[in-house]
Structure formats: structure tokens, C-alpha cells
Amino acid sequence: MKGLDILKNGYLEKVKNGSTTLSLLGRGEGIEFIKQAFQKDSLIVLFPGEESDVQEFYYILTGEIETEINGDKVVLGKDDVFSAKNLEGIVQFIAKTDVILLSISTAPAFHYLSNEINELRQVGEAVEKKDKYTFQHSTRVANLSVKTAAKMNLPKNQMEDLLLAAILHDIGKINIPEEVLKKPNKLTDEEFAMIKKHPGDGAAMIRKTAYADLADIVEQHHERINGRGYPFGLKGDEILLEAKIIGVCDTFDAMTEDRAYRKAFSAEYALNEIKSLIGTHYDEEVVAAFEKVLQQEGKIN
């Protein structure tokens, strides 16, 4: 049924980290739902957050934990709940038995531990190692994309998804032969057809993970406003905003770095080329925000 998700295997991804096992049960709209299993005598630590609006809730399914607050011992067990927001200092719990918690957090962080994301990042690194001219390309695109999104006042959860999608946007190029990626002259029609497959190939890889909701962003980053992009020829509002942002930042970075077939263009030249294609290739609001980022960083006057 549309709008209903059923998870029969119990988790999207499971990660074991020492004496702790974390199972991602759900994610979306800037929220993560996680089952956390701690072995007896494990330390459970809550740290003050850097962002004041972050909130975390914990529900104890089984087991018992203990802490000390203002000199008093506090013991929590099955069905007890604790939460954290604007912590003044570190809070430490000791697992008196094996413990299982359910947690909900408004600050998604599972991707830092995710084996799936790490494996996809490694694919991206392998792609960039194929061609010295694209080394660190995805990192630069991700950096510019998030800064552009900030100028557009996108909500935090959207920016977090944008960051991951931008880092992974070119992983589909792993299927393209090195000689095609590094070719110093014009590509044949057959070779360009290989290039045009990379957004879909990357999206297919992501759809096999807990981060399947990022796949459409990756798949659309070469779509263009006038419908002449690829792979689907989407137009205007059919294209996700995150994909439009990556599209602009991707183009800029490609133009301002050396390539096998040409030297890098200046930032000023690249931006003017992008601005000349507003309304046909690129979104006006995205380009305006991107220009502010370049001005702030001193890349243009």
C-alpha cells in the first residue's frame, strides 16, 4: 500500500562496534530509529551536542543501566525512558546487565558507522583513482553543494541527504573503462552512451542499501531544466532540488579543474557559462545561491 513500509527482516543495516550492536530500523525526514544492544559492563555515554535543536530519546526494552546524577545513584530498567537535549555535560551509564534500547534521534549519524556507506565511498574513491584529474572531485562537489543549500535555507535533514548524495554521485563510473574516462579527445557515440549510464548505475547500487532514498538524487544529477539531460530527460520541477544543486556544483568543479583534454577554466569564466544556461540547463535560484558561495569564498569578485 502506498505510504506504508514493512520491514520483515528486523533492520535496514546492522553494525557491530566493540561491545555494542547498532541496528538501523528506519530513517527519513532527518530522524533515525535505532535498536542498540549493549553487553553487560558496557559504558553508554551521552555527549553534549553542537546543535541546540538536536534531541534524542531512549526506551529500555530489556536490561538495567545505572548512572549518578548530582551525587545520587539512578537505576533505569525495562520500560523506562530517558532523553537528551541541550546537555550541559557528559552523562555516563553503566550496563548492569545486557541491555537493549530503542533510540530516536533528530541528528542522523548512523552513516558514520555504516558499512554500506563506507563501501560505496570506497567505490567512489576507486573511480577517482582511475583518473588523476578527478581526484577529490566528489568531496569538492559535496562541499559546494552543502554551502549552496545553506544559502537557500534548506532544512537540515535535506542538507544531510544532499551531502551523502553528492559524495556518492559518481560511483556509477566504476563500470566505465579507464581508457574512456581518461580519453583526451572527443568521445564516440558508444563511449558517450557508457558515460550516460553512470547516474543510473550509481543509483542502482544505492537502492540496495539502507540509503535507497538517496538514489533518485544521484540518478538525476545530469538532468537539465529543458529536458535535454540524462538518463530520463526530466524537465523543470520533475528534477529534485538536491539534484539541481549537485548539477551546478558538479559542472563548476569539472570546468575549474584540469582535464586530460584541456586546462582548467577560471572560476569567473565557469560561473558565467553556467549563468548563460539558466532556464535551459540550470535553476536560477540554485545558481544565484551558488554565486553567493563563490563570492563568500573569494573565488569571484
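Predicted model: local features only at pLDDT ≥ 70, side-chain atom pairs only at ≥ 80, totals over all residues.
User: How many helices and strands does the protein have?
Analyst: The protein has 10 helices and 10 strands, where helices (H or I, at least four residues) and strands (E, at least two) are DSSP runs numbered from the N terminus.

User: And what box do the C-alpha atoms fill?
Analyst: Taken along the principal axes, the box is roughly 70 × 40 × 40 Å.

User: How much of the protein counts as buried?
Analyst: Of its 301 residues, 43% count as buried; buried means under 20% relative accessible area, exposed means over 50%, and partly exposed lies in between, with a 1.4 Å probe and protein chains only. The protein exposes about 16,400 Å², of which carbon and sulfur atoms supply 50%, the areas coming from the Shrake-Rupley method with a 1.4 Å probe, where for residues only the protein chains shown count as cover.

User: What about the charges?
Analyst: There are 37 positive and 49 negative side chains, and the centres of the two sets lie 5 Å apart. Lys and Arg count as positive and Asp and Glu as negative, with His and the chain ends not counted, and each charge is placed at NZ of Lys, CZ of Arg, CG of Asp or CD of Glu.

User: Moving to the strands, which ones does β5 pair with?
Analyst: Strand β5 (residues 56-62) is joined to β8 by 4 bridges, and the two run antiparallel; β5 also pairs with strand β10 (residues 99-105) in the antiparallel sense, over 6 bridges. Two strands pair if DSSP finds at least two bridges between them.

User: Which residues are the bridge partners of Glu56?
Analyst: In β8 the bridge partner of Glu56 is Ala84, and in β10 the partner of Glu56 is Ser105. Further along, Tyr58 stands opposite Phe82 in β8.

User: Which residues of β8 are on the covered face?
Analyst: For strand β8 (residues 81-84), Phe82 and Ala84 make up the covered face, whereas Val81 and Ser83 are on the uncovered one.

User: What is phi for Asn86, and where does the residue lie?
Analyst: Asn86 lies in the loop between β8 and β9 (91-95), and its phi is near 55°, a positive value in a residue other than glycine.

User: Where is the cis peptide bond?
Analyst: The bond from Tyr230 to Pro231 is cis, with omega near 15°, and Pro231 lies in the loop between α7 and α8 (241-255).

User: Now the helices: which residues of α6 are buried?
Analyst: In helix α6 (residues 198-206) the buried residues are His198, Pro199, Gly202, Ala203 and Ile206. They lie on the same side of α6 because they cover an arc of only 135° around the axis, the arc being that of the directions from the helix axis to the C-beta atoms.

User: What covers them?
Analyst: The cover includes α1 (115-130), α3 (156-168), α5 (189-196) and α7 (215-219).

User: What does Ala289 touch?
Analyst: Ala289, which lies in helix α10 (residues 284-296), touches Thr148, Lys151 and Met152, not counting residues up to four places away in sequence, where contact means heavy atoms within 4.5 Å. Ala289 and Thr148 are 141 residues apart in sequence and 5.5 Å apart in space, C-alpha to C-alpha.

User: Why does Ala289 count as buried?
Analyst: Ala289 counts as buried because its relative accessibility is 5%.

User: And Asp131, buried or exposed?
Analyst: Asp131, in the loop between α1 and α2, is buried, with a relative accessible area of 6%. Asp131 touches Leu181 and Lys182, not counting residues up to four places away in sequence.

Methods: Residues numbered from 1 in each chain as written. Heavy atoms only, no water.
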